[in-house]
Amino acid sequence: MNRTDFEQLLSRRTSRRRALQAGAIGSGIIGVSFAGAPTRSYAIQATPAGTPVATPVDLKTRPSVQFGAYPFQLGVASGDPQPTGVVLWTRLAPAPIDGGGMDPLPYELTWEIAKDRNFSTVLQTGMAVADPNLAHSVHVDVTGLEPATDYFYRFMAGNEVSQTGRTKTAPARGQAIDALNFAFVSCSNYEHGYFIAYRDIARQNFDVVLHLGDYIYEYAANDYNVREPENIRLAEGGETLTLDLYRNRYALYHTDADLQAAHQSAPFVVTWDDHEVDNNYADDISEHEDPLDEFLQRRADAYQAYYEHMPLRPSSLPVGPDMQLYRHLPYGDLLDFSVLDTRQYRTDHPAGDGVFPRTPNSTSPLTSITGPAQEQWLLQNLDRSTSTWNVLAQQVIMAETYSIVAEGEAQEYYTDSWSGYPSSRERILGHIQEAGISNPIVLTGDIHTAWAADLKANFDDAKSATIGTEYVCTSITAGGTEPSNFGQEYRDTFDYIKFFDGRHGGYTAVNLTADAWTSDFYTVDNMDDINSGTKKIATFVTEAGNPGAQEA
Ligand code: FE
Ligand code: CA
């Protein structure tokens with residue numbers, strides 16, 4: 001079965017779902033999260049309050065509690081570093097891809113955080129409750145740590161001890177740090193190859209790793225096929241349509257040793273794209289336009305399973321089909337991350353979901369990929385920032401891309417990206433330019449290929465100002481071993497596209513100082529070979545005060 005990705009979209013027009021017709025803009029607002037718009041009504045089942053009802057089984061005082069199998073088979077993770085705190089995550093799951101295998105009771109477990117890998121000096125320890133309503137996951141919001149410092153952490157349950165993770169806090173405001181080293185990744189499809197890229201990340205001891213979405217893929221086994229006769233390894237079950245299926249899918253991914261190693265090596269900052277729920281959904285509109293209540297129930301289940309499996313603060317706990325994921329993470333005076341959610345609040349694809357010419361809806365001021373509240377929040381972050389570099393960590397490509405057509409034919413845009421929502425992009429880039437925001441950088445995933453681009457005041461005018469710089473990482477695996485060279489034509493046609501590489505499998509590492517942003521693009525040699533290595537294929541630099549990507 002063909003699955004849409006950027007390449008397929010560009011080579012084959014799709015019309016799975018028609019756009020709102022021109023003139024239907026007014027009705028399009030209803031059901032979308034515009035302030036003042038009518039509230040939609042849900043028929044959503046009760047969601048977990050996160051408050052256990054039964055008395056927790058205390059695994060410290062009752063170490064005789066036996067698990068059917070090792071309960072930490074999903075590993076450990078940390079996330080969202082702040083100067084004095086970080087979130088620690090694990091999930092008790094002795095039968096990971098079969099519902100977890102725990103009795104439906106709350107369990108108390110112990111966590112420890114130390115200065116050294118051997119835990120000879122334990123700095124803090126505490127109890128956490130693994131709540132059956134949250135699949136026995138725990139999210140410990142540790143505070144009282146030192147800025148820009150390495151720590152090690154682990155969990156204990158009964159006689160069992162988890163893997164040890166290493167994490168690192170963010171620098172404090174005003175704290176002088178020489179450099180920051182981090183990676184950004186996206187599109188980790190379990191079926192398409194081994195997670196060699198995650199393994200390589202684990203070796204690098206990054207300060208932080210950003211996952212920009214498509215952490216899982218929701219499809220039935222082999223449905224998104226990239227290899228004959230079938231993908232190199234297969235997920236179990238059908239498409240993830242229920243909470244149980246999403247939980248088993250996330251658990252399957254978390255059983256991967258390389259994914260676990262990446263999490264154990266550094267804190268992650270995660271955001272989702274579409275496949276954490278449903279391909280190319282837009283707010284409450286699913287890929288196949290399912291009934292609203294049905295899709296919102298699915299979205300609630302998907303968001304809950306996402307929360308249960310990610311190192312997110314309890315403040316991200318979803319409420320029904322809503323989950324606050326966009327957030328702001330400053331890294332001292334060097335860098336501010338604004339982590340965006342371009343799925344949950346976007347208006348419907350203004351010209352249809354696929355590759356289409358623009359319609360009046362495309363340029364309507366009501367069209368938005370962020371929703372108005374998130375847009376205001378983002379512009380406020382940027383205005384208030386005192387950091388040298390200001391990063392939008394987000395999902396879909398922002399630089400203008402359209403199919404190159406014959407003379408006289410209407411240009412066709414990849415409508416799932418910012419090119420489908422040009423008014424959103426113009427408002428944000430326009431504000432960045434007018435306000436003189438310091439060194440804006442956009443980080444992107446989604447298209448399974450690596451890019452560097454200049455973000456222009458007017459993409460049609462090569463002489464117009466370059467406002468910022470966009471770096472796009474390739475997939476961890478999605479797309480498989482055969483490269484997709486569709487972007488070469490763009491690279492050759494548009495001056496503002498400075499780099500394109502069509503290989504799937506890899507990541508982008510960033511070395512950041514006050515003077516320069518350096519992006520190193522890595523690719524996996526052969527993701528079908530579990531012993532494969534990686535190599536650096538390109539380096540692009542943005543100098544502070546001089547927006548745009550230059551080959552090093
Ligand atoms: Fe993807
Ligand atoms: Ca995507």
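Predicted model: local features only at pLDDT ≥ 70, side-chain atom pairs only at ≥ 80, totals over all residues.
Q: Why is α4 called roughly parallel to α6?
A: Their axes cross at roughly 30 degrees and come within 9 Å. Angles under 35 degrees count as roughly parallel, so α4 gets that label relative to α6.

Q: Which residues make the contact between α4 and α6?
A: On the α4 side you'll find Leu 243, Tyr 246, Arg 247, Tyr 250, Ala 251 and His 254. From α6 come Arg 298, Asp 301, Ala 302, Gln 304, Ala 305, Tyr 306, Glu 308 and His 309. Sorted by class, that contact has seven nonpolar, three polar and four charged residues.

Q: How do you know how α7 and α8 are oriented to each other?
A: Look at the angle again. The axes of α7 (residues 372-384) and α8 (residues 422-435) cross at roughly 20 degrees and come within 11 Å. With the cut-off for roughly parallel at under 35 degrees, α7 and α8 are therefore roughly parallel to each other. Their crossing is right-handed.

Q: What meets what between α7 and α8?
A: Glu 375, Leu 378, Leu 379, Leu 382 and Asp 383 in α7 meet a set of α8 residues, including Arg 427, Ile 428 and His 431.

Q: Why is Gln 433 called partly exposed?
A: Gln 433 has a relative accessible area of 41%. Buried means under 20% and exposed means over 50%, with partly exposed in between, so Gln 433 lands in that middle class.

Q: Where is Gln 433, and what does Gln 433 touch?
A: Gln 433 sits in helix α8. Leaving aside residues up to four places away in sequence, Gln 433 touches Ala 457, Ala 465 and Ile 467. Gln 433 and Ala 457 are 24 residues apart in sequence, and their C-alpha atoms are 8.0 Å apart in space.

Q: What makes Asp 214 a bridge?
A: Asp 214 bridges the calcium ion (ligand 2) and the iron ion (ligand 1), and the two ions lie 3.9 Å apart. For the calcium ion, the coordinating residues are Asp 214, Asp 273, Asp 274 and Asp 446, each through OD, at 2.3 to 2.7 Å. An atom counts as a donor to calcium within 3.2 Å, so these distances meet the cut-off.

Q: Why can Asp 214 and Asp 274 be said to tie parts of the chain together?
A: Asp 214 lies in the loop between β11 (208-211) and α4 (243-254), while Asp 274 lies in the loop between β12 (268-270) and α6 (292-309), so the pair ties together parts that are 60 residues apart in sequence. Are they buried or exposed? Both Asp 214 and Asp 274 are buried, with under 20% relative accessible area.

Q: Which residues of α3 are buried, and what follows that helix?
A: In α3 (residues 196-204), Ile 196, Ala 197, Tyr 198, Arg 199, Asp 200 and Ile 201 are buried. Next comes Asn 205, with a positive phi near 55 degrees.

Q: How many helices and strands does the protein chain have?
A: The secondary structure comes to nine helices and 26 strands. Of the chain's 552 residues, 61% count as buried.

Terms used
Residues numbered from 1 in each chain as written. Chains lettered and ligands numbered in written order. Heavy atoms only, no water. Donors = N, O, S within 2.8 Å, 3.2 Å for Na, K, Ca; no water. Helix = DSSP H or I, 4+ residues; strand = E, 2+ residues; numbered from the N terminus. Buried < 20%, exposed > 50% of the residue type's maximum accessible area, 1.4 Å probe, protein only. Axes fitted to C-alpha atoms, helices over the stretch in contact; angles between N-to-C directions. Parallel < 35°, antiparallel > 145°, perpendicular 65-115°, else oblique. Left-handed = near helix turned anticlockwise from the far one by under 90°. Contact = heavy atoms within 4.5 Å. Nonpolar A, V, L, I, M, F, W, Y, C, P; charged D, E, K, R; others polar.
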